[in-house]
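Visitor: I have a model open and would like to learn how to read its features. Could you walk me through a few of them?

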Amino acid sequence: MRLAIVGCGFIAQQYAEAIAQRDNLTVVAATDLVPERAAAFVDTFGGAAYPDLDTLLAESDAECMVNLTIHDAHAPVTRQCLKAGRHVFSEKPLALDPKEARSLVALADAQDVRLGCAPISLLGDAQQLAGAYLREGRCGSLRMVYATCNLGRLTEWNDNPEPFLRIGPLFDGAVYPLTVLTGLLGPVRRVLTAHQSLLLDTHTHDGQSFTVDTPDHTTAVLEFDDGVQAQLTASMYVPYQTQHFNSIEFHGDDGSLFLRNCGTLDASEAEAVQFARLGKPYRPAPFPQATSMLDYASALDEMAAAVRAERSPYASGRQAAHVVAVIEAITQCAEQQRAMPVDDVSFVPPPSSSSTTQTGRRAADDAQRKALPPIGFGCSRYRGGTTYVDLEDAIEDALDMGVRLLDCAELYGNESQIGAILQRPGSPPRDTLYLISKAWNTNHAPEHLTAACAQSRDALGVDTLDCYMLHWPDAWAHTGSLANLKARSHEDAAALTFPTDDAGNRLVSDVDLATTWRAMETLVERGWTHTLGVSNFEQADLERLLAFATVPPAIHQMECHPYRPQHDLVAFCHAQGIRVMAHSPLSANGLLHEPVLQTIAERHGVTTAQVVLRWNVQRDVVPIPSSTSAAHIAANLDVFQFALSDAELERINALQQPDFNR
Ligand SMILES: NC(=O)c1ccc[n+]([C@@H]2O[C@H](COP(=O)([O-])OP(=O)(O)OC[C@H]3O[C@@H](n4cnc5c(N)ncnc54)[C@H](OP(=O)(O)O)[C@@H]3O)[C@@H](O)[C@H]2O)c1
């Protein structure tokens, strides 16, 4: 898209540097009130300089005008460009007056051109992740939001503080939380209370003193269309080093969500999003995919996509006009000390960004949600074969940190406990989860298999599992129901699950795999599971199964870690279209202290466990680590912000031990 820059000050340099990185965007024109500035700008960034906006609009073929002028010039410049039939992206705020803002929106509509406005921070990965938690209803009914934007003393960090102090913290700062809040919650219907103070009227910058009379600290309570209230603070007094710089905290009946910096374009900030179900501490929500840093040109990428698709830009002028109306209502409410309706509620919140230009980056639509997540959580209580751990808190933590895949089995004895967790307020909705269960070796006969699956569905509280697996290819003698093994003694559970005769020999069953698999297939026919899977099969077992299966296994779950990578079997499965899931990915003896992994981990600033999990992810294998530690669970999910090189993958592959035995 051909761009014209109007206003060639400091921010224009930043836009231009980002635009220079894009193939789809070109600066073809620039103008500034100071012609020398425009000339210097085009010298560095290309395009032609024009003496004024009139000439630029008359002579340049720029499609989209990028309005980077000072605040009070935004509206007149935008108006002039819209009148000339050009698309416009304006820096914030769209206008200083709500009527003016609305008339710009109407003008853009009348001219059938696109009008976009900063900030675009709602497009950021952190903001989108927070939005996903809200859309899933994780907080329950939202009732209260705390939002802050404390810009601090502008004289400390801004080269030209005076115009910003004159415009005040609402127009320059509160636009960030207001844009994110209205984007996520919809329009504000009225301002219930507001108070504005002038805490510092005299400022010194570059040895010069000046006074301003615009309030530098505002608090307000906003009421959204659906009744949610937001307590907003915007300040140019409170230092930006405050713990509450630019954060939003959403409080609902079932939990709270914390977005550390609602204005950030950088998704690499630690613990950017955190969730706490009611009564539990905040847990970080690691990003479930690689994040990308937005820059100033991201707004223009989005504008270009909106122009192409003839749709409203994601950061729309309409929403920006609503934000201006909210600011006006706050000011009026503070002056008149009475609740003030917000004039303009006619905007529709933007869809989650995955449905606009950021395709493939976010798991927001249903189809993606139902896909096998790239990493899961293992729910086996077994530790070292003979001891049990309780995973109640760990499973809750894992769900709160964003785990979407739970690996369960009747053998693990805790499916009813997991079912109870899934019913709790604050847990993710069923349709966002991928639930696996497995039939144990003693239940291979069709009637026992059907009963085992019924029992697991019942315990987990679901009608349909996402995948039901055969835990092993081996069929053993039936010993009765394995329901709720957790309630049994270790000895009882062992006798039921590992049946032996008096001499200690395994009691097997003669039911063959074909019969068992046919019974598995009827579970799909009954709608009890979406897919079938196997576990601990050798390639020969799989070949045998594939020869008669009408419903082939969708997943093979097998032991997979660098000491036992099972390359051939993984390749065989992938060739057959079977996804591979790595059980016991971390627990091989000595693995997490392996020097090769330690060296690689140090290079990336991560842990050896993260390297192992990332290695699996990069070979398209889904690891299902288990942990009782919240810190480990968070780390195990946080493996998408680094990538192993081919050489590193080779070094890890070389760790394979052909005779490895756990
Ligand atoms: N199909 C099968 O036959 C089969 C067999 C075995 C397992 N599985 C499945 O695979 C899942 C995982 O296997 P697993 O439970 O055997 O063990 P694992 O996930 O390989 O390892 C768990 C162990 O690693 C530690 N750990 C986890 N994250 C860590 C981290 N980031 N840093 C350091 N240590 C970490 C845990 O300790 P902390 O608790 O202290 O974190 C625990 O001791 C099971 O839960 C089960 O779902 C399936």
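Visitor: Let me start with D112: in which loop is D112 found?

Guide: This is a predicted model, and in it D112 belongs to the loop between α5 and β6.

Visitor: What is the phi of D112?

Guide: The general idea comes before the case: most residues other than glycine have a negative phi, and most peptide bonds are trans. Phi of D112 is near 55°, a positive value in a residue other than glycine.

Visitor: Is D112 buried or exposed?

Guide: D112 has 8 of them within 10 Å, so D112 is exposed. You can read D620 in the loop between α20 (608-618) and β27 (621-623) likewise. D620 is not a glycine, yet has a positive phi of about 65°. With 12 other C-beta atoms within 10 Å, D620 is exposed.

Visitor: Which peptide bonds here are cis?

Guide: Among them is the bond that joins K92 and P93, with omega about -10°. P93 sits in the loop between β5 (87-90) and α5 (98-111). Another cis bond runs from A118 to P119, where omega is near 5°; P119 is placed in the loop between β6 (115-117) and α6 (125-135).

Visitor: How would I check the length of helix α10 (residues 317-336)?

Guide: Multiply 1.5 Å by one less than the number of residues. The 20 residues of α10 should therefore span 28 Å, and the end C-alpha atoms are 28 Å apart, which agrees. Of these 20 residues, 17 are buried, so α10 is mostly covered, given that a residue with 20 or more other C-beta atoms within 10 Å counts as buried. Just after α10, Q337 takes a positive phi of about 55°.

Visitor: How do α8 and α10 cross?

Guide: Two packed helices are described by the angle between their axes and the distance between the axes. For helix α8 (residues 161-185) and α10, the axes come within 9 Å and cross at roughly 120°. That makes α8 oblique to α10. The crossing of the two helices is right-handed.

Visitor: And what surrounds the ligand?

Guide: There are 25 residues around the ligand, and the closest are G378, S380, H583, S587 and S627. By class, the shell has 8 nonpolar, 16 polar and 1 charged residues. Helix α21 (residues 630-637) gives the largest share of this shell, 3 residues.

Note on methods: Residues are numbered from 1 along each chain as its sequence is written. This is a predicted model: local features need pLDDT of at least 70, side-chain atom pairs count only at pLDDT 80 or more; totals for chains, interfaces and linings use all residues. Helices (H or I, at least four residues) and strands (E, at least two) are DSSP runs, numbered from the N terminus. A residue is near a molecule or strand if its C-beta atom, placed from the backbone, lies within 6 Å of it. Ala, Val, Leu, Ile, Met, Phe, Trp, Tyr, Cys and Pro count as nonpolar, Asp, Glu, Lys and Arg as charged, and the others, Gly among them, as polar. Axes are lines fitted to C-alpha atoms, for helices over the stretch in contact, and angles run from 0 to 180 degrees between N-to-C directions. Angles under 35 degrees count as roughly parallel, over 145 as roughly antiparallel, 65 to 115 as roughly perpendicular and the rest as oblique. A crossing is left-handed if the near helix is turned anticlockwise from the far one by less than a right angle, and right-handed if clockwise.
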